[in-house]
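This briefing concerns a predicted model.

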Amino acid sequence: MARRLLLHLTLLGLGFAGLRLAVVPAEVCPVVSAVQVSHAADEAAAWIVRNMRDDGRYLYGYDRDVDETSAQYNGTRHAGVTMSLYQYAVAAGRPEVVADADRGLAFMLERLTVGPGWQAWQPPGEGIQLGANALFVAALVMRRDATGDPAYDDVMRAAGRFLLAQQQPDGRMYALWDEATGEAVPVSGKFATGEAAWALALLEGEFPGEGWGRAALPTLDYLALHRDRDEGNLTRMPDHWAAYSLAEVGPAGLDGVRRAYARQLAGYFGIRLRFEAQRRGTGINLWLRWVPGTPAGVGTAGEGMAALWRLARAEPSLADLLPNVEERLACFAGMMVSRQATAAEAAGYPRPGLVQGAWFYRGYVQMDDVQHVLSGLLAARPMLEQREVAG
Amino acid sequence: MTAGLLAAAYIAAFNVARTRLGVPENEGGRARRAVLAGGALLALGVVAALAAASGPLLRVLEITPETFRIAAGFAGVIAAAVVLVVPRPAAEPLPRHWRAALWPVAFPLLLGPEVLALAVATGSQEGVAATVGAAAGALVVLFVLGFLPRRPLPDRVLVWASRVLGAVLLLVALWLAVDGIRDV
């Protein structure tokens with residue numbers, strides 16, 4: 001009997017050890033304060049600004065292990081980083097950063113093209129794209145929030161009309177404009193549709209009553225109901241831009257479909273962040289969970305979760321999500337503050353200025369890595385402050 | 001988790017039909033009542049203790065309740081697969097008197113890994129009262145089965161019932177894992 005008991009106990013122990021290792025490793029969430037998050041955001045913004053080029057472009061990528069900068073560039077990412085600098089100026093109360101962000105903005109303004117009833121910026125060597133222009137609009141909205149300056153209102157409206165020109169009756173957005181044919185090209189951009197929905201929702205906030213918000217809703221519904229099938233996604237895409245859009249339209253713009261979509265998105269970002277918290281990148285955990293994820297990937301989950309936190313606070317029917325959303329957001333902030341390259345760490349590399357304040361994935365950082373984590377941290381900070389006040 | 005699903009989860013996890021096949025019997029073909037009652041009470045106590053301690057336990061293990069549901073689902077899927085392949089429990093050596101309540105009734109028949117994991121998962125999610133209620137309900141069903149002599153309840157019926165409950169456990173476990181993935 002003792003032998004049988006030992007056999008059963010051994011199987012039980014091995015089973016639980018296997019579950020612990022493979023299915024539920026510890027989810028480690030470093031605890032950080034709002035002040036630490038602010039400092040991390042300062043460092044991230046400083047990395048972007050410090051490494052800007054004279055022509056208003058940002059450092060695209062840097063491999064610290066071989067001390068090599070990337071020669072690539074991407075217009076949509078340029079617009080996104082510019083937007084995040086303006087976000088930083090607003091959220092961190094750093095108006096002095098506007099001048100630096102304006103250099104990035106000038107790079108886009110210098111490349112405006114005119115279409116039938118609209119204006120759009122065209123990145124060098126790229127087509128006229130929906131995503132790049134949606135984030136261009138978002139950057140202009142953030143700039144207006146940071147400065148109160150209406151100088152670019154007409155450009156915002158003109159670029160907004162470009163987004164509308166890409167919109168289809170079912171809410172779908174075409175990702176490209178073909179200058180030769182003078183028509184939108186019927187292809188979708190992975191994130192461009194969500195970016196466009198957000199930009200339209202943001203325009204409603206700046207120019208209420210002009211119909212921008214009404215135009216955003218069909219695209220939000222398209223994202224919620226049809227996008228994944230149309231684009232052949234095996235699983236629903238955890239689209240942080242859609243979460244931004246939902247937060248921007250707010251409770252007044254929610255119906256059953258959008259409310260359900262908000263819950264689904266919270267679930268996607270939740271499992272993404274829980275899984276990320278399980279990653280150590282060492283020992284057996286490396287084999288089972290691989291290295292910590294790309295900063296851009298984790299950052300977008302943080303951004304999305306923060307957007308849904310704002311929405312859930314305003315919408316009583318989503319209030320039940322708040323405790324878990326806040327836990328995941330705090331975990332995101334803790335992970336990313338602890339993963340940021342410090343000054344001491346940067347001193348060990350040939351060019352510390354390209355390292356300090358950034359987040360690296362296997363030795364490489366790309367501009368959107370810093371952008372997304374910066375935006376996520378800025379959005380998480382109010383939640384942390386609120387929790388600190390509440391004790 | 002609805003009350004019905006919770007009850008089904010415990011009936012399937014305890015697999016009352018399979019457990020009944022392994023419970024020590026008297027000469028009349030009925031389960032030994034004291035042994036069955038003792039084992040069932042012990043199992044209920046363990047489930048209640050795990051449910052009550054689920055919060056601190058998961059905090060110590062640094063696992064969110066949502067993620068643990070995925071683990072409980074995995075445990076359930078494996079246990080269900082075992083039941084579907086081996087619907088009759090192995091004949092275990094029987095100790096004398098009351099000790100049979102501990103071995104084999106409480107362990108390994110009732111307190112399998114799927115039940116232990118389920119107790120933590122539902123304790124942290126549904127609360128202690130609901131968990132204990134569902135577990136107690138399942139054990140009452142087992143106790144009633146124990147009263148029935150084996151003759152009108154042939155082995156073949158119990159073996160098939162065991163398989164059906166294994167299939168139910170599989171569905172519940174998959175639901176649990178998917179719910180853990182989709183939750184925030």
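Two strands count as paired if DSSP finds at least two bridges between them. In this predicted model, A:Ile128 stands opposite A:Trp177 in β6(A). The strands β5(A) and β6(A), the latter spanning residues 176–178, are joined by two bridges and run antiparallel.

**Sheet in chain A**
- The open sheet has three strands, ordered β5-β6-β7 in chain A, with antiparallel pairing.
- Its edges are formed by β5 (128–129) and β7 (183–185) of chain A, each of which pairs on one side only.

**Helix pair in chain A**
- Helix α3 (residues 75–91) and helix α4 (residues 97–109) of chain A have axes that come within 9 Å and cross at roughly 155°.
- Because angles over 145 degrees count as roughly antiparallel, α3(A) and α4(A) are roughly antiparallel to each other.
- The crossing in which α3(A) passes α4(A) is left-handed.
- Residues of α3(A) that meet α4(A) include A:His78, A:Val81, A:Leu85 and A:Tyr88; on the side of α4(A), the residues include A:Val97, A:Asp100, A:Leu105 and A:Phe107.
- By class, this contact of α3(A) with α4(A) comprises 12 nonpolar, three polar and one charged residues.

**Contact between chains A and B**
- Chain B contributes 22 residues to the contact, and chain A contributes 22 residues.
- On the side of chain B that touches chain A, at least two residues each come from α5 (65–85), α6 (99–110) and α9 (155–182) of chain B.
- The largest share of that side, seven residues, is supplied by α5(B).
- The side of chain B that touches chain A has 15 nonpolar, two polar and five charged residues.

Conventions. Residues are numbered from 1 along each chain as its sequence is written. Chains are lettered from A and ligands numbered from 1 in the order in which they are written. This is a predicted model: local features need pLDDT of at least 70, side-chain atom pairs count only at pLDDT 80 or more; totals for chains, interfaces and linings use all residues. Helices (H or I, at least four residues) and strands (E, at least two) are DSSP runs, numbered from the N terminus. Two residues are in contact if their C-beta atoms, placed from the backbone, lie within 7 Å. Ala, Val, Leu, Ile, Met, Phe, Trp, Tyr, Cys and Pro count as nonpolar, Asp, Glu, Lys and Arg as charged, and the others, Gly among them, as polar. Axes are lines fitted to C-alpha atoms, for helices over the stretch in contact, and angles run from 0 to 180 degrees between N-to-C directions. Angles under 35 degrees count as roughly parallel, over 145 as roughly antiparallel, 65 to 115 as roughly perpendicular and the rest as oblique. A crossing is left-handed if the near helix is turned anticlockwise from the far one by less than a right angle, and right-handed if clockwise.
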